[in-house]
Amino acid sequence: MAEKVEGYQTLFLLLLLVSNCLVVAQCAIGVNWGLMSSHKMPPSIVVKLLKDNGVGKVKLFEADARVLEALMGSGIEVMVGIQNELLGALSSSSAAADLWVHQNLSRYVVKGGVDIRYVAVGNEPFLSSYGDQYQSLVLPALQNIQQSLVKANLAGFVKPVVPCNSDAYQSSLPSQGSFRPDLTQIMTQLVSFLSSVGSPFVVNIYPFLSLYDSSDFPQEYAFFEGSNHPLVDGQNMYYNAFDGNFDTLVAALDKIGYGQMPIVVGEVGWPTDGALSANLSAARAFNQGLINHVLSNKGTPLRPGAPPMDIYLFSLLDEEQKSIMPGNFERHWGIFSFDGQAKYPLNLGTGKGLVRGAKDVQYLPSRWCIADPSRDLGSVSNHLQLACSLADCTTLFYGGSCNSIGDAGNASYAFNSYYQLRKQDPESCSFGGYGMITFLDPSIGDCRFLVGVSDSSGSGIFFHHRTWMTTFLGFVVVTILFFL
C-alpha cells in the first residue's frame, strides 16, 4: 500500500512539473488566507470563493487540517506557513522537521491532493521589533525542512522560503539599498541557501504602513496614479513607494551577489477601516493600482520588464481576532468582509471581472443586541469594556467607520459584537440589564452592525490566542474612548 501511495505521489509531482514548463512565466495574483477570526466560514465555502474569482494561489500562515482538506483537488497553488514559535524545535531537531513535513505536506501532496508549492519557514522572523529572538534559528530550521523535503521526495517541487518584512533592508535611495547591518551575514547565508535549492526571496511590502507611521510621507507616493514629486535616484524616477521599496531589495540582493534572485511579494495590501487613511476608496485605489501595475509587466527601474514572480494580496478576509498592537487597522485588511462579501469593486486580472462574494453563507438569525434606550447609560462603561476586551470594537475608535455614532451607539455596537461572538447566546446580551435584543437592523450609515456566520461543522465559537497585552489595551482604549 505504501509503494502504491508513493507511486501516486511521484506521478502527481511529475505531472505538475511538466505543466509548469508549459506555462509562460508571468506575475500572478494570489491572496493571504488568515484564520484569526471568531466568525469563520466553512473552508469549503472559502475555497469556492477563491475559485469563483479565479484566484489560483493562496498563502496560509499555518497548516490547518480543515483548510488543507478543503483545498484538495482544487488546483489552487498553496504556500503553507510554519509559525515562528516552531523555529526552535525545527532548528534543533531533524526528526521534528521530518514529522512536520509528514503531517502537513506528504499526506496532502498525493493524487487529487493539494498543490503545495512553498513552505514558509517562519513569518517575518527578522522583524526589527523581534530583535535577535529568531535570527539564529531560521537558517538551521530552513536546512532541516529542506532535508526533510528531500527524504519525502518533495524537494523537486515544494520549495522552502522565508517571508521577510521590508524592514530587513534600508536606504534613502533604492539604488543604495542594503540589508540591515545586523542581518548582512545572516542574509548572505540565507539567500545563498535559498538560491542553491531554487527558492525565491519572499518579501512583505506595505506602503500603507509608511504613510501611517509618518506624517511627512507624501500620500500620493503610496498609490499608483503618479506623483508630482517623484523620487529621483540618478537617472531613475520612482513614482510610487512599491517600486521604490522593491528596488531597494533588488539593490540589497545585488550587494551580496544575488542581483538576479527571483522575488515574490508575500504580503501587500491596504486596510479599509481603523485609521484615517484606511477606508474603502483608498483600499480600492491601492489594490487596483497595484494589480494593474504588476500585470502590465513594466517592472521597475532596476528590473524593467520583470515584475515580481507573484504577489499575494493581504488579505482575503477580515480577521477580527488579530492583535491591535500595530493599530486598529490590523483587523480590516480583507478585500472581502468576514462573511466573504466584496467590500468594493476590484478586478483581480483573472478574467473573471469584478470580484464576487461568497455563496451559500449560513448566517445566524437576523437579530442584534443593543443598549436599551430606556435605560440611563451612565454606568455602562464596565460592560462596554468587558465586551470590547473579547469582541472587536476597533471601528469605534478615531478614524474608524463607527467613530461618530455617540455614546449609546458605542455601547450598542460593543454589545452586539460580543453577542455575535457568543453565537447570539441570549445571556450574552444581558450586560447587567443594559442590553436588549432587537430584530431591527441598528446599523447607522456606513457603520455596519454585523450578524455572525454559522459554522456548519458545529465546532462552536473560535477563540484564538491573544496576548494579555492585547486584552489589557482593549480595556484601556475603550475606557478612554467612552469618557472622551
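Mentor: Let's start with how elements get their names: helices (H or I, at least four residues) and strands (E, at least two) are DSSP runs, numbered from the N terminus. Keep in mind that this is a predicted model, where local features need pLDDT of at least 70, side-chain atom pairs count only at pLDDT 80 or more, and totals for chains, interfaces and linings use all residues. Residues are numbered from 1 along each chain as its sequence is written, and side-chain values use heavy atoms, with hydrogens and water left out.

Trainee: Okay, which residue follows α12, and what is its phi like?

Mentor: That's Lys423, with a positive phi near 55°.

Trainee: How many residues of α12 are buried?

Mentor: Buried means under 20% relative accessible area, exposed is over 50%, and partly exposed is in between (1.4 Å probe, protein chains only). In α12, 13 of the 16 residues are buried, so the helix is largely enclosed by the rest of the structure.

Trainee: Now for charges. How many salt bridges are there?

Mentor: Side chains of opposite charge can pair when their charged atoms come close. The rule here asks for a side-chain nitrogen of Lys or Arg within 4 Å of a carboxyl oxygen of Asp or Glu. That gives 13 salt bridges. Take Lys57 and Glu77, whose side chains meet at 2.4 Å, N to O. Lys57 sits in strand β2 (residues 57-60) and Glu77 in strand β3 (residues 77-82), so this pair ties together parts 20 residues apart in sequence.

Trainee: Are Lys57 and Glu77 buried or exposed?

Mentor: Lys57 counts as buried at 12% relative accessibility, and Glu77 counts as buried at 19%.

Trainee: Which residue does Arg331 pair with?

Mentor: Asp392, with the closest N and O atoms 2.9 Å apart. Arg331 lies in the loop between β15 (310-313) and β16 (368-371), and Asp392 in the loop between α11 (381-390) and α12, so the pair links parts 61 residues apart in sequence. Both Arg331 and Asp392 are buried. Elsewhere, salt bridges with shared partners join Lys57, Glu77, Asp115, Arg117 and Asp310 into one network.

Trainee: Last one: where is Tyr312?

Mentor: Tyr312 is in strand β15, buried with a relative accessible area of 2%. Its C-alpha is 6.0 Å from that of Asn32, though Tyr312 and Asn32 are 280 residues apart along the chain.
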